[in-house]
Protein chains: 2
Amino acid sequence: MPVPEFSLIYRYFSDLGRGDAVDLSVGDDCAILRLAEGERLATSVDTMVAGVHFPADSFPEDIGFRAVAAAASDLAAMGARPLGMTVALTLPETDELWLNAFSQGLAAAVAEYRLPLVGGDTTRGPLTISVQVLGALPMDQALLRSGARVGDEVCVSGTLGDAAGALAFLQDKWQPTPEHAEYLLQRFNRPRARLDLGLALLGRASAAIDISDGLLADAGHIAAASGVKMCIQPDLLPLSPALSSHHSPEQILQWALTGGDDYELCFCLPAGVQMPAGCVRIGWVAAGAGVDCGLAIDFPPGYQHFSD
Amino acid sequence: MPVPEFSLIYRYFSDLGRGDAVDLSVGDDCAILRLAEGERLATSVDTMVAGVHFPADSFPEDIGFRAVAAAASDLAAMGARPLGMTVALTLPETDELWLNAFSQGLAAAVAEYRLPLVGGDTTRGPLTISVQVLGALPMDQALLRSGARVGDEVCVSGTLGDAAGALAFLQDKWQPTPEHAEYLLQRFNRPRARLDLGLALLGRASAAIDISDGLLADAGHIAAASGVKMCIQPDLLPLSPALSSHHSPEQILQWALTGGDDYELCFCLPAGVQMPAGCVRIGWVAAGAGVDCGLAIDFPPGYQHFSD
């Protein structure tokens, strides 16, 4: 049931809940969505807490956009067609200016990811945004973590480590040039969930995951689910010029291997399958277990978000 | 992606995610659910914050059960068949004992409401539980708020005001007998979402809503959505012996009219449609707007949860 704050969001953006699959949007006890014949439902939930997953002083527009992007990224990693989403918003106080800005970020993400906002609720408490995404998959297809086979190529989209580099900048740990800083902050605040890539990989990739916890951790999930070893060549990792401008090659490598929040896809391609545009090969699938990047490194085991 | 705490929940209850409609449960980027041919998806999200929607010192079992019941109640109000749910849990700290107890409440609700837990995440922060329910509806049927017609009967299930009476007891505002106190606390901590009643009303009731904000407020939502007046006869409201044991008839009436959290259904039946068992007529639908209970009352406008 909408409470005043949610009504407020809808006051700003009356068409936020409209979409091809939406039979009934916000305003009743449930929303009603239609799948096409022969489709299944894919769903995931992703929560962001202020001061944990983003700096508490982030722009509300960015908080709104980024929360949706992170959840949409899970649909991308399954190869699902976006249907809609619900948002559970916990707010410390009613602040119309903040809500207006937050709603603008939400609206941008609704349009970008074709995810109409069909329901939600607002509760009083420390700032937390929980986004539940709903997507559609063909009855007999999905990009799972468990399909990687020995001999497949390991690939990623985009560039890696940018969000971690942005966080380090926000925490005053280094000072990129203004242009590079702007690029990195954009990567952190406005990540691009790879929904179109996910759809393109359906039926072609043998396994996929989105990189939210860092390449090593997420490739490790594919390795574990598929019962294989993921071999990664660090010199093949795609890096942005902005990240590459850091003085320490070791730091850059650490960000690229363990930095999360990039929301790129890591996927496996059987031999002979063409690489999609904007993606590169970074290694191969071998017999064994775990992730092997050929380095005796002593990185933190998992990605630390803004403040875990 | 499951984080350690969520894995812990699954360690206790390995079959929490199994269900007829579940193709893929927790462990990949999304869960995958199947609807039957000719069905649509019904979805809703419901968030509970400690100290707002329940006393912070509630038993973790009750917190888990009640959060699911409140969300499942939205499926009941639509007449939807339960498919599954996801849970976004924000926790102040990792406490294995607390999580074990919470998981037992979740497991009880999974079984009671046939809602396998197919996904979720756990984040660090003040205790908040956000439950997203997924259900199925026939392509051409749903219990909406907008279908009430002049001449319909207004009906409710169960008894009203019990949860509000329980809260008043928890806040030391009155002292029922031990038996009555136990009954009322059970009604507050273990509400029964009326999923079977919702399914039975599909195709028979003209409108329905679950009573989460209080009868007057929720009947008002039907009135607004349907463009009618809901006429309610206070002397027909179903009351439990426990609530009726309060010394003040006016207080009892206030609880029954404005108390939320009972999760009973309020619905409208066209003339000639048989009343389901356990339900009573409390009034009728007339031309006009709003809710008329024939009283010049000065109650608080909306239900106050534990602490709004």
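1. **Ground rules.** Residues are numbered from 1 along each chain as its sequence is written, while chains are lettered from A and ligands numbered from 1 in the order in which they are written. Since the model is predicted, local features need pLDDT of at least 70 and side-chain atom pairs count only at pLDDT 80 or more, whereas totals for chains, interfaces and linings use all residues.

2. **Chain A overall.** Chain A has 9 helices and 12 strands; these are DSSP runs numbered from the N terminus, with helices being H or I of at least four residues and strands being E of at least two. Its radius of gyration is 20 Å against the 19 Å that the globule rule gives for 308 residues, so chain A is as compact as a globular protein of that length. (That radius is taken over C-alpha atoms, and the rule is 2.2 Å times the number of residues to the power 0.38.) The C-alpha trace spans about 55 × 50 × 30 Å along its principal axes.

3. **Burial and contacts.** Buried residues make up 57% of the 308 in chain A. Buried here is 20 or more other C-beta atoms within 10 Å of the residue's own, exposed is 12 or fewer, and partly exposed is in between, with C-beta atoms placed from the backbone. Of the chain A contacts with a separation of 6 or more, 87% are between residues 24 or more positions apart; a contact is two C-beta atoms, placed from the backbone, within 7 Å.

4. **Two domains in chain A.** Chain A splits into domain 1 (4-138) and domain 2 (153-292), with bounds from an automatic or database domain assignment. Their C-alpha centres are 25 Å apart. Each side of the contact is made of 19 residues. On the domain 1 side, helix 2 (60-78) and strand 4 (81-91) each supply at least two residues, and helix 2 gives the largest share, 12 residues. That side divides into 12 nonpolar, 3 polar and 4 charged residues. For the classes, Ala, Val, Leu, Ile, Met, Phe, Trp, Tyr, Cys and Pro count as nonpolar, Asp, Glu, Lys and Arg as charged, and the others, Gly among them, as polar.

5. **Helix 2 of chain A.** Is this helix mostly covered or mostly uncovered? Mostly covered: 18 of its 19 residues are buried. At 1.5 Å a residue, helix 2 should span 27 Å, and its end C-alpha atoms are 28 Å apart, which agrees; the expected span is 1.5 Å times one less than the number of residues. Gly79(A) follows helix 2 with a positive phi near 75°.

6. **Helix 7 of chain A.** Just after helix 7, Gly227(A) has a positive phi of about 70°.

7. **Two positive phi values worth a look.** Neither residue is a glycine. Arg114(A), with phi near 50°, sits in the loop between helix 3 (96-113) and strand 5 (117-124) of chain A; it has 15 C-beta neighbours inside 10 Å, so it counts as partly exposed. Tyr263(A), with phi of about 55°, lies in the loop between helix 9 and strand 10 of chain A; its 24 C-beta neighbours inside 10 Å are why it counts as buried.

8. **The A–B contact.** This contact takes 48 residues from chain B and 49 from chain A. On the chain B side, strand 3 (39-49) is one of the elements giving two or more residues, and strand 3 gives the most, with 9. The chain B side divides into 22 nonpolar, 14 polar and 12 charged residues.

9. **The core.** Which residues have the most contacts inside the largest nonpolar core? They are Val68(A), Ala72(A), Val68(B) and Ala72(B), in a core of 199 residues. Such a core is a set of buried Ala, Val, Leu, Ile, Met, Phe, Trp, Tyr and Cys residues joined through C-beta atoms within 7 Å. Beyond its neighbours within four places in sequence, Val68(B) is in contact with Met85(B), Leu106(B), Ala109(B), Tyr113(B), Leu115(B) and Val131(B).
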